[in-house]
Amino acid sequence: MNARVVDAQGRTLSPCPAERALALVARGKAELVSQEPLTIRLCRAVELPQPEPERPPLQGQRLLLHVCCAPCATYSARRLQEQGAEVMAFWYNPNVHPFSEHERRRESLAHYATEVGLPVVWEPGYDMVAFLRRVVSHERPGERCAICYDMRLERTAQRAAELGMDAICTTLLISPYQDQALINQVGQAAAARHGVSFYFENLRRGFAEHHRLAHEHGLYRQDYCGCIYSEWEAQHKRRANTTHTPVEE
Ligand code: SF4
């Protein structure tokens, strides 16, 4: 039979065999609280082991964060830093059309990164031709987005490996307009090809906060995803919502 044991502060400890409990009472190390059920109280307080503090999932990891635009970088970079990562942003968005829009988004990120001290790796050039060549004949939204994710995350993983970093992630995960499951699948595959890991987290829970931060920092906020197709689709939708004039397809 086991005895119930509490310490001097009344905290329940592991039970011990009845004979041992009674021996402690006999030696004056404990007092008998009750016979039925057999319960003793130790004369001293016992130091209980403290649970290990939870380790952030990205503790000690160097992470290259693909950034689609400055507003999406606000909450995402901060959240990943809170998760323990040393974050470096990565700019590579050949999908953004036209070039003036690409530059406007790039400059907005440069402005924000300087303000908050976020280091950025800038991929030189503008691979718009390569992007368009890849999506031709795959223009439907889901299909072309898979190619778009792959192009950007493949380059992110490649640069992360070259820089000796541990993991990659993308700010695309904050947008409710993007396909998170597909991003995760494409990101995992790209990371595996280059020997780094892809960190997935539902960053959408910070979507409202990212709007607040973008406003606070006066960042440029675009009104379409990026590619020429998405710009046309957004215009089409706006016109359909504001007028009853049919739009030619
Ligand atoms: S809609 Fe956005 S994610 Fe999809 S192809 Fe265009 S830019 Fe890329």
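**Notes on the predicted model**

1. Let's start with Glu 201. Leaving out residues up to four places away in sequence, Glu 201 touches Arg 79, Gln 83, Leu 173 and Gln 180. You'll find Glu 201 in the loop between β9 (197–198) and α7. Keep in mind as you read on that this is a predicted model.

2. Is Glu 201 buried or exposed? Its relative accessibility is 7%, so Glu 201 counts as buried, because the label "buried" applies to anything under 20%. Now look at what its side chain does. It makes a polar contact with the side chain of Arg 79 at 2.5 Å, and another polar contact, of 2.6 Å, joins it to the side chain of Tyr 199. Arg 79 is also on the list of residues that Glu 201 touches.

3. Next, His 210, which is found in helix α7 (residues 207–216). With a relative accessibility of 4%, His 210 counts as buried too. Which backbone oxygen does the side chain of His 210 reach? That of Phe 207, at 2.6 Å. Not counting residues up to four places away in sequence, His 210 touches Pro 71, Cys 72, Thr 74, Tyr 75 and Ile 174.

4. On to the ligand, which sits in the largest pocket. Around the ligand you'll see Asn 95, Arg 144, Cys 145, Cys 148, Tyr 149, Arg 152, Gln 178, Cys 225, Gly 226, Cys 227 and Ser 230.

5. Which helix gives the most to the shell around the ligand? That's helix α5 (residues 141–162), with 5 residues. Arg 144 and Cys 145 are among the residues around the ligand, so have a look at them while you have this helix on screen, because helix α5 covers residues 141–162.

6. Stay with helix α5 for a moment, as Pro 141 lies in it. At 43% relative accessibility, Pro 141 counts as partly exposed. Pro 141 and Ser 230 are 89 residues apart along the chain, and their C-alpha atoms are separated by 8.3 Å. Ser 230 is one of the residues around the ligand.

7. Glu 143 is found in helix α5 as well, and its 34% relative accessibility makes it partly exposed. Setting aside neighbours within four places in sequence, Glu 143 is in contact with Ser 137 and His 138.

8. Ser 137 lies in the loop between α4 (128–135) and α5, and at 58% relative accessibility it counts as exposed. Its phi is positive, about 75 degrees, although Ser 137 is not a glycine. Why flag that? Because most residues other than glycine have a negative phi.

9. Last, two prolines to check. The peptide bond from Glu 36 to Pro 37 is cis, with omega near -5 degrees, and Pro 37 is in the loop between β3 (30–34) and β4 (39–42). A cis peptide bond also joins His 97 and Pro 98, with omega about -5 degrees. Pro 98 is found in the loop between β6 (86–91) and α3 (99–116).

Conventions. Residues are numbered from 1 along each chain as its sequence is written. This is a predicted model: local features need pLDDT of at least 70, side-chain atom pairs count only at pLDDT 80 or more; totals for chains, interfaces and linings use all residues. Side-chain values use heavy atoms; hydrogens and water are left out. A residue is near a molecule or strand if one of its heavy atoms lies within 4 Å of it. On a 1 Å grid over the protein atoms alone, a cavity is a set of points where a 1.4 Å probe fits but cannot get out, and a pocket is an open set with protein on both sides within 12 Å along at least five of seven lines; lining residues have an atom within 4 Å of a point. A molecule sits in a cavity or pocket if more than half of its atoms lie within 2 Å of its grid points. Helices (H or I, at least four residues) and strands (E, at least two) are DSSP runs, numbered from the N terminus. Buried means under 20% relative accessible area, exposed over 50%, partly exposed in between (1.4 Å probe, protein chains only). A polar contact is a pair of N or O atoms within 3.5 Å; within protein, one must be able to donate a hydrogen and the other to accept it, and residues adjacent in sequence count only if both atoms are side-chain atoms. Contact means heavy atoms within 4.5 Å.
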